[in-house]
Number of protein chains: 2
Amino acid sequence: MNERPAPETFPVTPRNRAKRLHERAAYDRDAVYAVLDAALLCHVAYVIDGQPYCTPTIHWREGDWLFWHGSSASRMLKNQKAGLPVCLTVAHLDGLILARSGFHHSANYRSAMCFGTARIIDDPQEKAEALKSVVDRFYPGRADILRENDPQEAKGTMVIGMRIEEASAKIRSGGVSDDPADIDAAVWAGVIPVETRLGTPEICPKVPDGVTYPDHLAHFQDGRRLDEVLTQSQALYEKALERS
Amino acid sequence: MNERPAPETFPVTPRNRAKRLHERAAYDRDAVYAVLDAALLCHVAYVIDGQPYCTPTIHWREGDWLFWHGSSASRMLKNQKAGLPVCLTVAHLDGLILARSGFHHSANYRSAMCFGTARIIDDPQEKAEALKSVVDRFYPGRADILRENDPQEAKGTMVIGMRIEEASAKIRSGGVSDDPADIDAAVWAGVIPVETRLGTPEICPKVPDGVTYPDHLAHFQDGRRLDEVLTQSQALYEKALERS
């Protein structure tokens, strides 16, 4: 789906141009992809009869295409062969910024906003591939050890896809930014880091004896950062796609 | 702002009724507040000229009112005295569900979607209170040790507020849900927990000697869960409001 040669940078239009400049904005694919690929959870905004909805869901990426699991937007999409404009956003919280003034309190974060036209993936072959991808993109190699989806399951799962038409990434990192006049205040100022990590895998008690933690989950190690693990999954997944 | 006696449950309408039933949906204030109060980061969906936007930002709650920092919606709101319909959503990722079939792969999460009409908080007194609240709601007692915002800072900070008109919470927790026919498959199945925790506070190197980590941040302890810390902050903040 990504055969068009892609320039390194997304076009910048009034829709995706950053409105506030004190954080670093980027429009290049590498910056946007890095934020997207480090996450499983995204939020999708869409409009039904003038009412905005913001739905959290699971997303995955192949080139400039984003896919996600259906939501109440599905009802709308069924009647919209031309597709529906959406904005898919991913945000990672990296730290709390405690400043010497209320004004300079902030947060460290990495976010990406992606604009495009969402369509239901209903071609049976395309949909079967997407349902395999959603497993293999997060757990590369796992789809092959699972049974195939039966027709009822494929029917009961809604996959939505869009090509990213415009996108932007925004990142705030580093320490507190205070007014020079406030620096000598006797106030604790600094950063409290925030990290999202994996816990200890909990095997389902009904798994037959002798089944051990599989190689394809080896990088899902207790205590590792989720963003690093998911980025590694994406790289492994893309490498496997190249080989196939 | 929350003088209207509030029933325990938000009204259920086509806008907030859960569309998929295999996760637990709730419409009571306690369930919705618990999800909101455990987070700093939210996503706000709004519409400009038919185009949906999904903006990550910092939110805080007082009773049935939600507040957040301005975004590109601000431009739109300036011309909309009647307010703008928005959907503010919070989602926490709690675990990865690895099932014996692709279909039953899932995630544990807690989410809340809140619908209302957003307005710019531009009354000077109301805005000053909101700018104090955004510090004290997260770091109760901190606003009093900071200097006041100067008029330029107050002017340069956009605060948006809305009363929650409708809301719903959705929660998936627990283990993997597989088809009975798949239970004996020789496949590792289970849950990989995901947790967001605080790291070690990093003091700004320019803080004067003798300033130590303050009491009002005592519950921001290295290694604690962010959701628990923020829930505790909200409780401390509400208790302080009652006393004042």
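User: How many aromatic pairs does the structure hold over all chains?

Analyst: This predicted model holds 16 aromatic pairs over all chains.

User: Why is the pair of Trp60(A) and Phe67(A) called stacked?

Analyst: The ring centres of Trp60(A) and Phe67(A) are 6.0 Å apart and the planes stand at 25°. Rings pair if their centres lie within 6.5 Å, and planes under 30 degrees apart count as stacked; the pair is therefore stacked.

User: What makes Trp60(A) and Phe67(A) count as buried?

Analyst: Buried means under 20% relative accessible area. Trp60(A) has a value of 0% and is therefore buried; Phe67(A), at 4%, also counts as buried.

User: Why is the pair of Tyr46(B) and Tyr53(B) called stacked?

Analyst: With centres 5.6 Å apart and planes at 5°, the rings of Tyr46(B) and Tyr53(B) meet the limits of 6.5 Å and 30 degrees, so the pair is stacked. Tyr46(B) and Tyr53(B) are both buried.

User: What makes Arg61(A) count as lying over the face of Tyr33(A)?

Analyst: Arg61(A) lies over that face at 3.6 Å from the ring centre of Tyr33(A), where the distance criterion is within 6 Å. Arg29(A) likewise lies over the face of Phe10(A), at 4.2 Å from the ring centre.

User: How do you know that strand S1 of chain B and S8(B) pair, and in which sense?

Analyst: Pairing requires at least two bridges, and S1 (residues 24-26) of chain B and S8(B) have 3, in the antiparallel sense. Ala26(B) stands opposite Ala169(B) in S8(B).

User: What makes S8(B) mostly covered?

Analyst: In S8 (residues 166-172) of chain B, 5 of the 7 residues are buried.

Methods: Residues numbered from 1 in each chain as written. Chains lettered and ligands numbered in written order. Predicted model: local features only at pLDDT ≥ 70, side-chain atom pairs only at ≥ 80, totals over all residues. Heavy atoms only, no water. Phe/Tyr/Trp six-rings, centres within 6.5 Å; stacked < 30°, edge-to-face > 60°. Buried < 20%, exposed > 50% of the residue type's maximum accessible area, 1.4 Å probe, protein only. Lys NZ or Arg CZ within 6 Å of the ring centre and 35° of its normal. Helix = DSSP H or I, 4+ residues; strand = E, 2+ residues; numbered from the N terminus.
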